Amino acid sequence: MSEHTKTIQNYLSTLKTVIDNFPIADLETILAVIEKARENDKTVFTCGNGGSWATASHMAADFSKNTRMPGQKRLKVIGLGDNVPGLTAYANDEGYDRVFAEPLITLMKPDDVLIAISGSGNSPNVLQAVETANEIGATTLGLTGFHGGKLAQAVDHSLVIPSDSIEMVEDFHMIIDHILVICLRS
């Protein structure tokens with residue numbers, strides 16, 4: 001057996017353990033918040049950094065397109081990092097910590113929803129977005145891993161992936177996206 005085979009088998013075995021310990025009730029709470037936002041014509045905002053931004057952007061695309069069903073309201077979604085010129089302008093003029101908070105000040109209304117994604121739970125710009133959303137009166141949701149970091153404590157509802165592997169945390173954040181889309185479409 002090659003070293004790569006052992007690595008692959010170990011990764012897949014560990015994924016099974018994370019699945020067995022997955023916090024389903026936390027995901028159901030997040031789903032309920034998003035369903036309520038759709039029903040009440042509220043906007044869902046997403047944010048994250050690096051791989052977490054890729055997930056946040058993917059989530060915004062999936063939520064806006066793949067949850068459309070005849071007879072159902074459409075889910076309004078904005079990915080806060082999808083406007084790259086705006087993001088870089090805020091980073092340059094206000095500081096990178098403000099790249100998500102500043103657009104929220106302009107766009108967010110009370111009872112909207114922020115989905116904040118941070119593998120470590122300690123990304124300063126994600127935490128500032130949560131702080132801003134909380135001040136506005138939005139519902140804040142956090143997807144994180146490890147032990148939740150500061151994010152798990154700052155949001156109204158968190159889902160902490162029970163893993164200390166950033167790769168597995170990011171894997172599961174994408175799985176969460178797809179589970180939510182399937183549930184929102186049903």
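Select His157. Leaving aside neighbours within four places in sequence, His157 is in contact with Thr29, Val33, Thr139, Thr140, Leu141 and Gly142. This is a predicted model. His157 belongs to strand 5, residues 157–160. Is His157 buried, exposed or partly exposed? Its relative accessible area is 29%, so His157 counts as partly exposed. Thr106 and His157 are 51 residues apart along the chain, and their C-alpha atoms are separated by 23 Å.

**Next stop: helix 2 and helix 8**

Show residues 24–39, which form helix 2, and residues 166–185, which form helix 8. Two packed helices are described by the angle between their axes and the distance between the axes. Here the axes come within 11 Å and cross at roughly 50°. Angles from 65 to 115 degrees would be roughly perpendicular, and those under 35 roughly parallel. Helix 2 and helix 8 are therefore oblique to each other. The crossing of helix 2 past helix 8 is right-handed.

Now pick out the side chains that make the contact. On helix 2, select Leu27, Ile30, Leu31, Ile34, Glu35 and Arg38. On helix 8, select Ile176, Ile179, Leu180, Cys183 and Leu184. Colour them by class. Nine residues of this contact are nonpolar, two are charged and none is polar.

Centre on Ile115. Apart from neighbours within four places in sequence, Ile115 is in contact with Ile34, Val44, Phe45, Thr46, Cys47, Met59, Phe63, Leu141 and Leu143.

**Over to helix 1**

Select Leu15, in helix 1. Why is Leu15 classed as buried? The cut-off for buried is under 20% relative accessible area. Leu15 has a relative accessible area of 17%, so it is buried. Leaving aside neighbours within four places in sequence, Leu15 is in contact with Met168, Asp171 and Phe172. Leu15 and Val169 are 154 residues apart along the chain, yet their C-alpha atoms are separated by 9.8 Å.

Most residues other than glycine have a negative phi. Two loop residues are worth a look here.

Select Asp41. What is its phi? Asp41 is not a glycine, but its phi is positive, about 55°. Look for Asp41 in the loop between helix 2 and strand 1 (43–47). With a relative accessible area of 41%, Asp41 is partly exposed.

Finish at Phe146. Where is Phe146? Phe146 sits in the loop between strand 4 (139–144) and helix 7 (149–154). Its phi is near 50°, a positive value in a residue other than glycine. Phe146 has 29% relative accessibility and so counts as partly exposed.

Key. Residues are numbered from 1 along each chain as its sequence is written. This is a predicted model: local features need pLDDT of at least 70, side-chain atom pairs count only at pLDDT 80 or more; totals for chains, interfaces and linings use all residues. Side-chain values use heavy atoms; hydrogens and water are left out. Axes are lines fitted to C-alpha atoms, for helices over the stretch in contact, and angles run from 0 to 180 degrees between N-to-C directions. Helices (H or I, at least four residues) and strands (E, at least two) are DSSP runs, numbered from the N terminus. Angles under 35 degrees count as roughly parallel, over 145 as roughly antiparallel, 65 to 115 as roughly perpendicular and the rest as oblique. A crossing is left-handed if the near helix is turned anticlockwise from the far one by less than a right angle, and right-handed if clockwise. Contact means heavy atoms within 4.5 Å. Ala, Val, Leu, Ile, Met, Phe, Trp, Tyr, Cys and Pro count as nonpolar, Asp, Glu, Lys and Arg as charged, and the others, Gly among them, as polar. Buried means under 20% relative accessible area, exposed over 50%, partly exposed in between (1.4 Å probe, protein chains only).
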